[in-house]
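Student: I would like a close look at a single part of this model. Please keep the answer connected.

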Amino acid sequence: MKNIIKFELKRVTKSTITWTIALIAIGGFYISVFPMYHENMKEIKEMLSQMPEALLAAFGMDPNMIFALSGFLGFVIGFLALAAVIQALNLGIVVFSRENKAKANAFLYTRPLSRNRIYTAKLITVLTAIVATNIVLIPTLYISGLMASSEGVELSSFLLVVGTIGIMQLCFGSIGMLVGSAVTKMRSIVGTSLGIAFGFYGIGMLYTFTGEDKFKLLSPFKYFDYERIYTLGHYEVQYLFIIAAIILGCVIGSYVLVNRKDVPEC
């Protein structure tokens, strides 16, 4: 099994590094702009006051919060989470559908390893890539925050807010695993990942515009209220349970699909 893990990790290393650099670049750029927002507070407030409240809420821009680093960081994480989710979806689908696409299932599943071990190796690969991304991303964003704010950064609140990225990646990475295990023919993995991510993001936007709870329940993007996290110092437990249920359901579903998958005749 170790050889499969090494092999799978080698195949996703390049894309993981690329995505991590991209996430750091996006987050670092937005945080570096914070001093400009703070210095031009009056002008930007006037500009924001002319925009519809629903539109500001859709992009996480609270005029009363965005001029503090805590509120601005929530705005940044909203965009960063979308990119991170696309990475996780793509990772899960790639790792669990690569043999389907290459028509190599017959070779893989007739190796002297059980399907359980093959599945476990792939699961470990996805988890390792997500953890590695966050190990590099979180300290980098923290340093960027320290450089951008003269008031410093409250570490525990920062970790809670930025930690939502990793939680979202685990959630959508598991969805990617399920999709990769279920779909035998996929024209574009990137296109599928983008479609799923923007689909859930769009549902979250519907919640912002309508305020209907059914849309919030359908979109993990709305499970974390960054202003509330900073104020109260914790997540909303019910949404953590929902995310845990999604992850568990997708992991079990992909496990069942991998073990029941037919091996095509050569």
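Student: Which residues does Ser 219 touch, not counting residues up to four places away in sequence?

Tutor: This is a predicted model, in which local features need pLDDT of at least 70, side-chain atom pairs count only at pLDDT 80 or more, and totals for chains, interfaces and linings use all residues. Residues are numbered from 1 along each chain as its sequence is written, and side-chain values use heavy atoms, with hydrogens and water left out.

With residues up to four places away in sequence not counted, Ser 219 touches Phe 200, Ile 203 and Gly 204; contact means heavy atoms within 4.5 Å. Ser 219 lies in the loop between helix 10 (213-218) and helix 11 (226-232). Helices (H or I, at least four residues) and strands (E, at least two) are DSSP runs, numbered from the N terminus. The relative accessible area of Ser 219 is 0%, so Ser 219 is buried. Buried means under 20% relative accessible area, exposed over 50%, and partly exposed in between, with a 1.4 Å probe and protein chains only.

Of the 266 residues in the protein, 44% are buried. Among contacts between residues at least 6 apart in sequence, 77% join residues at least 24 apart. The protein exposes about 13800 Å², and carbon and sulfur atoms supply 65% of this area; accessible areas come from the Shrake-Rupley method with a 1.4 Å probe.
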